[in-house]
Amino acid sequence: MQSMNTQPPLFKQICVIGLGLIGASLAQAIKDNGLSERLVAVDRHTPSIDEAIQHGLLDAGSAVLSEVVFGSDLIVIAVPVQAVQAVFIDIKAAMDNGQLATDCILTDVCSTKVNIIDAAKAVFGSLPVGLVPAHPIAGAENSGYHARRATLFVNHSVIICELPTTSNVAITKLRQLWEAVGANVMSMDAEHHDRILAHTSHLPHLLAFNLVEQLASHDDNLDMFRYAAGGFRDFSRIAASDPKMWHDIFFANESAIVSALDEYGVYLQTMRQLIIDKDSTALMGLLGRAQAARRHFGHMLASTPYTDTSAMSASYNITPSNTVLGTIAIPGDKSISHRSIMLGSLATGVTNVTGFLEGEDALATLQAFRDMGVTIEGPDNGKLTIHGVGMNGLKPSKTPLYMGNSGTSMRLLAGILAAQSFDSVLTGDTSLNKRPMERVAAPLREMGAVIQSTGHSGTAPLSITGRATVGKPLQGIDYEMPVASAQIKSCLLLAGLWAEGTTTVTQPEVSRDHTERMLSAFGYPVTVDGNRISVTGGGQLTGGDIAVPADISSAAFFMVAAAISQNSELTLTQVGINPTRTGIIDILKLMQADISLSNETHVGGEPVADITIRSSSLKGIEIPEHLVPLAIDEFPVLFIAASCAQGRTVLTGAKELRVKESDRIAVMAEGLQTLGIDCTVTEDGLIIEGKGIEGEGIEGQNSNVNNSQPVFGGGHITSHHDHRIAMSFAIASLRASKQITIEGVETVNTSFPGFAELANHIGMSIKVDNAAV
Ligand code: S3P
């Protein structure tokens, strides 16, 4: 199929040498994409050439290079590594006798690179200006001309080695060719390429061949293979590849493969010894780290979040419903889950966690501590076992610590890492890398931290220099926080655990106090004097058990759901009601919601209760500013409640909402207006004209409530990658007249995995559409 390309072809004549899987696939892709005026090939196996000419793939072909090469401006060498030098000899002869221009672009597709350069040097003396060694990282189970596929390279990486001798034209044109056949082109120097491939491709193939050889040489080999389980099948799959090719590659990349093999031997011995020594903690640590690393790298390679590799871009299609009923358990508290990992890792002894939130944000924290050498078993149904390494037991991570979407992970970890002896880098997803980090970096610098916000305008990636380089420990400070932020407070208190002297933070308003509570629970003295909180460096944390209560911020969606709908009643069991988090209850009560608490008790140093909420006739209010930090994450869904209330609701003093996972004032206003709500954005808040109407005073339960009229229309909402925006507009469907579609809901997994299922369980109608990207 000839493409509709109207551009002139990139090349006049491309000559492909070797019509095996890679050469023939590239030839087909060149033909299909119209990338060359003429296409010729050389292959010793003449039937392939004849067929390719018959198929119309080639304009000419031969077993001998000199017969077809004349006029080529690109030669692609697609023969086995060991045969490349002989091809160079033929090419040089063609250049010497004027058949080929000396600046003709020469490239190859071999999986080793240093030896290709050495072969070119041996033949040409100095490297030709057109030589650009390359390696498409693509393949298939089958080989040969007949296995060719024009799409073989689509979305695969092609590594090109930009040699100092290569002309810019050659590099640019080769890049354009690979990009035109759908590949992602990256450049790397040849030594680095060979070292990486030795570890990631050549070593695994060598081990697969070796294991099959080992099993096959047993006397009872028939039984071995007859009863071989899936593990053997998976591990040995690649030993079915072409022995001649691998024979050549093992010799061609000898030194890098031998050193990868030596390193492998060391790791194997370590594992052997752990088994002999019955060192269960260390073996569990190693296996857990490897499993998590496999997952982590799998996610990195696929650029997908931690909890669902298929849902890269998901949407909710919601059909309006009227009533929600039931008794439900909400997942664990996000803030407390983060802190359980941090303090559990730094404690001495083992910490058992139950109720841990298996959402992406908390999993990012968990992964970071694994990356720093902490053995963490789980999560298994919310259960974790953390083998604490003590205050000075963290190890440097080999890679930048990836915090995903989680501001809490990044800001709290910045405090911990600023005090460690080693250097660290913290990075996150696109949304996190836009959020302000100077708010923690600046006070940490006052403590003596060396920390750079290397992104644009005080943003991540954060680069933190270890104390071993700086030469002295952090110093305690007395810091007046400009905003009531639990993240800034926690960051500085955590840094203060290693600082000389006392670190005191003063907050302008009360913010959530989970860090202070958990430090005390781990036996670390914390002094609280009104809004002044202090810790003195040099203490120890002692591991223990932590039961994480249900997250009131997640419960908030269902509180509002029951309040705004008709004939509804929900009981949310054992939700955290820490007084620094109950702003949502206070505000809903001020709006005259019907809320009651029962079964009040304490779980792991935190108060919890069952929360029951019924259909309510909500009234618009002016939200008291002191409640803002106590309900900071709940405003998106409170705006939904305000839209259903009678009269106007005014929020002020909430500028912080503009720097959450999205600008929650602007983004919520945009969505509310789409659904027909009249609202006005102010610098630090929002004014919402509620559309609720007076109840009719009918006899019976909730007789003064009239929640039957829709207040929202239908429409398309985008979440701006903000989990709480997505969930808030889902709740709006309980008072909508038409279908609501919400785009970008994959981020719901950061804080509330299973939200849609739970919502449907109590009577809502959310259809989740996953569009894998
Ligand atoms: C959090 C504190 C709050 C909150 C965030 C979690 C925490 O942020 O918005 O979701 O766990 O400390 P600020 O402290 O920056 O307001």
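As the model is predicted, local features need pLDDT of at least 70 and side-chain atom pairs count only at pLDDT 80 or more, while totals for chains, interfaces and linings use all residues. Residues are numbered from 1 along each chain as its sequence is written, and side-chain values use heavy atoms, with hydrogens and water left out.

To start with the sheet, 3 strands come together in the order S7-S8-S9, forming an open sheet with mixed pairing. Strands (E, at least two residues) and helices (H or I, at least four) are DSSP runs numbered from the N terminus, and two strands pair if DSSP finds at least two bridges between them. Strand S7 (134-136) and strand S9 (184-187) sit at the edges with a single partner strand each, so one side of each has no neighbour in the sheet. From one strand to the next, the twist averages 20°; axes here are lines fitted to C-alpha atoms, for helices over the stretch in contact, and angles run from 0 to 180 degrees between N-to-C directions. Strand S8 (residues 157-160) pairs with S9 in the parallel sense, over 4 bridges. Ile159 has Met186 in S9 as its bridge partner. Lying across S7, S8 and S9 is helix H6 (residues 168-180), which runs at about 145° to S9.

Next comes helix H4 (residues 84-96). Its 13 residues reach 18 Å from first C-alpha to last, close to the 18 Å expected at 1.5 Å a residue, where the expected span is 1.5 Å times one less than the number of residues. Val84, Val87, Phe88, Ile91, Ala94 and Met95 of H4 are buried; buried means under 20% relative accessible area, exposed means over 50%, and partly exposed is in between (1.4 Å probe, protein chains only). Seen down the axis of H4, these buried residues fall within an arc of 120°, so they line one face of the helix. That arc is taken from the directions from the helix axis to the C-beta atoms. Packed against the buried residues of H4 are strand S1 (11-17), helix H3 (65-68), strand S4 (74-77), strand S5 (105-108), helix H5 (114-124) and strand S6 (131-132). After H4 comes Gly98, with a positive phi near 80°.

A few other backbone spots deserve a mention. The Gly378 to Pro379 peptide bond is cis, with omega near 0°, and Pro379 belongs to strand S13 (residues 375-380). Asn381, a residue other than glycine, has a positive phi near 55° and is placed in the loop between S13 and strand S14 (383-387). With 71% relative accessibility, Asn381 counts as exposed. Lys278 also has a positive phi, near 50°, and is found in the loop between helix H11 (254-276) and helix H12 (280-302).

Asp633 is in the loop between strand S26 (606-614) and helix H22 (635-644), and is buried at a relative accessible area of 12%. Leaving aside residues up to four places away in sequence, Asp633 touches Arg512, Ser553, Lys660, Arg664 and Arg724, with contact meaning heavy atoms within 4.5 Å.
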